[in-house]
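The stops below are given in the order in which to select them.

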Number of protein chains: 2
Amino acid sequence: MNSLSHSVEILERTPHTLRALLSGLSAFWIYGDYGPGTWSPAQVVGHLIVCERDDWIPRLRRILEHGESVPFDPFPHDATIAGAGTPMAELLDEFERSRVASLRVLRAMNLSRSDLDRTGTHPAFGRVTASQLLATWAAHDLHHLRQIALAMAWQYRDAVGPWHEYLNTLRR
Amino acid sequence: MNSLSHSVEILERTPHTLRALLSGLSAFWIYGDYGPGTWSPAQVVGHLIVCERDDWIPRLRRILEHGESVPFDPFPHDATIAGAGTPMAELLDEFERSRVASLRVLRAMNLSRSDLDRTGTHPAFGRVTASQLLATWAAHDLHHLRQIALAMAWQYRDAVGPWHEYLNTLRR
């Protein structure tokens, strides 16, 4: 199995994972962050939606169409569409729709081994491969799943009492 | 909504979250850890199974039956039933069965506000409340969900190339 199929394994599961974790949860869990300047689970899902639209597939297309000659458009790390009270059900539906559409485009590209080795130009750190972009897409899902679980656990940082000491998730 | 129902919201979702994340994944994602002495996703699920059997409900019963007079039995932090190749499907089924059984017991206890304030004795740090134990059970789920996502992301620490710099999950 190559790295493309490994990446797709993660990418196709994330909408279902987020739905299992977040669907129907009370506001207590959905809109709490883990400190000033951090995101709530709703804001993280809103960020994943923006990335689906502006980051992964557009950058992959850029590599295939222009190689290193046209750098990727800059993408703000803190982009999210979710405001304070965006309903989670809407966010989960929109993310799933966006991801399904992205994977449909990816499959239609029918990338070969040599396509995966093609290179583009990242605006900050220069040459990257299509394969690295795809791996980052999957790792980014897992990174933000961790962030959601952190924001949720954080709501219980006092409720756990002395067990706080045993849960390094709650020590920051 | 009180803290008991908040905790139950998490507890009842975790088997489904883990199934969505881990079911059908290739061995590449399931049996890799994130460094010496750390756990793979399979080992984490094996740990959650042991906790279901020996930790949460037994300790809650101890509080309700003996209060502070009989300390909890010590529970090893590193207990897991999963060996190198335990099939994930078996682990997920066993965890779901165990969790469903635990929640059935919890609901049958029909805990009142004053039950949640009852206290027991933790072998390491002394007095704890039933409410703190329940909150820790939920936070522990989220803590280990984060750990699973870390172990998975870790398998891509090289594959992401220069994006490594942007994913603090991969910096340890």
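**Stop 1: a salt bridge in chain B**

Select Asp54(B) and Arg53(B): the two form a salt bridge, with 3.0 Å between the closest N and O atoms. A salt bridge here is a side-chain nitrogen of Lys or Arg within 4 Å of a carboxyl oxygen of Asp or Glu. Asp54(B) counts as partly exposed because its relative accessibility is 36%, and Arg53(B), at 54%, counts as exposed. The classes are buried (under 20% relative accessible area), exposed (over 50%) and partly exposed in between, with a 1.4 Å probe and protein chains only.

The model is predicted: local features need pLDDT of at least 70 and side-chain atom pairs count only at pLDDT 80 or more, while totals for chains, interfaces and linings use all residues. Residues are numbered from 1 along each chain as its sequence is written, chains are lettered from A and ligands numbered from 1 in the order in which they are written, and side-chain values use heavy atoms, with hydrogens and water left out.

**Stop 2: salt bridges in chain A**

Move to Glu12(A), Arg13(A) and Arg107(A), which salt bridges with shared partners join into one network. Next, select Arg59(A) and Asp55(A), a salt bridge whose closest N and O atoms are 3.6 Å apart. Both Arg59(A) and Asp55(A) are buried.

Then take Arg99(A) and Asp141(A), where the salt bridge has its closest N and O atoms 2.7 Å apart. This pair links distant parts of the chain, 42 residues apart: Arg99(A) sits in helix α5 (residues 88-109) of chain A and Asp141(A) in helix α7 of chain A. Helices are DSSP runs (H or I, at least four residues), numbered from the N terminus. Arg99(A) and Asp141(A) are both buried. Over all chains, the count of salt bridges is 24.

**Stop 3: the cavities**

How many cavities of 30 Å³ or more does a search of the whole structure find? There are two. A cavity is a set of points, on a 1 Å grid over the protein atoms alone, where a 1.4 Å probe fits but cannot get out; lining residues have an atom within 4 Å of a point. Grid points are joined across faces, edges and corners, and a volume is the space filled by probe spheres set on the points.

For the second largest cavity, of about 30 Å³, select Thr14(A), Thr17(A), Leu18(A), Asp141(A), Leu142(A), Leu145(A) and Leu21(B). In chain A, α1 (3-22) and α7 (130-154) each supply at least two residues of this lining.

For the largest cavity, with about 50 Å³ of space, select Leu21(A), Ile10(B), Arg13(B), Thr14(B), Thr17(B), Asp141(B), Leu142(B) and Leu145(B). α1(B) gives the most to this lining, with four residues. By class, the lining has four nonpolar, two polar and two charged residues.

**Stop 4: the axis**

Finally, show both chains. Chain A superposes on chain B by a rotation of 180° with 0.0 Å of shift along its axis, at RMSD 0.0 Å; the superposition is by least squares on the C-alpha atoms of residues with pLDDT of at least 70 in both copies. The two copies are therefore related as by a two-fold rotation axis. To find the axis from chain A, select Arg146(A), whose C-alpha comes closest to it among the residues of that chain, at 2.3 Å.

Terms used. 1 Å grid on protein atoms, 1.4 Å probe; cavity = no way out; pocket = protein on both sides within 12 Å on 5 of 7 lines; lining within 4 Å. Nonpolar A, V, L, I, M, F, W, Y, C, P; charged D, E, K, R; others polar.
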